[in-house]
Amino acid sequence: MHEPFEPRCSHCRRFVYCFDKEGPLADWGYCQQTMSNGPPAEEEMRRLEEVARRSDYAVLFARCSPFYQETDDGCADYTPR
C-alpha cells in the first residue's frame, strides 16, 4: 500500500452497501456503527430508491438520514475489511 493511505468507506468493515447494485443508489449505504437498532427496513430502502429514481435526493441529504455515498474523507472509526 502506498502512503499516505486515505481510508474510503468502501474499504471499511462497517460500511454496508444496502441498495440495489443496478439502482440509482448503488454507491450509497450506511455505517453499521451508527445503526444502533440494526439494519434499516427493506421497505424504507425501497422507498428511498423510488425517491431517487424521481431525482428527489432531498430526503437522502437530510441531516437525519443515516444513508450516504461512500466518501474518501476518512473516519476516526475506520476499520479495514
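**Figure 1. Contacts across the sequence of the predicted protein model.** Of the contacts (heavy atoms within 4.5 Å) with a separation of 6 or more, 67% join residues 24 or more positions apart. The model is predicted: local features need pLDDT of at least 70, side-chain atom pairs count only at pLDDT 80 or more, and totals for chains, interfaces and linings use all residues. Residues are numbered from 1 along each chain as its sequence is written, and side-chain values use heavy atoms, with hydrogens and water left out.

**Figure 2. Secondary structure and overall dimensions.** Two helices and three strands make up the secondary structure of the protein; helices (H or I, at least four residues) and strands (E, at least two) are DSSP runs numbered from the N terminus. Along the sequence, these elements follow the pattern β-β-α-α-β. Taken along the principal axes, a box of roughly 40 × 25 × 25 Å is filled by the C-alpha atoms.

**Figure 3. The loop residue Ser55.** Ser55 is located in the loop between α1 (42-53) and α2 (58-61). The phi angle of Ser55 is near 60 degrees, a positive value in a residue other than glycine. Ser55 is exposed, with a relative accessible area of 59%; exposed means over 50%, buried under 20%, and partly exposed in between (1.4 Å probe, protein chains only).

**Figure 4. Burial and charge.** Of the 81 residues in the protein, 28% are buried. The protein carries 10 positive and 15 negative charges, whose mean positions are 3 Å apart. Lys and Arg count as positive and Asp and Glu as negative, while His and the chain ends are not counted; each charge is placed at NZ of Lys, CZ of Arg, CG of Asp or CD of Glu.
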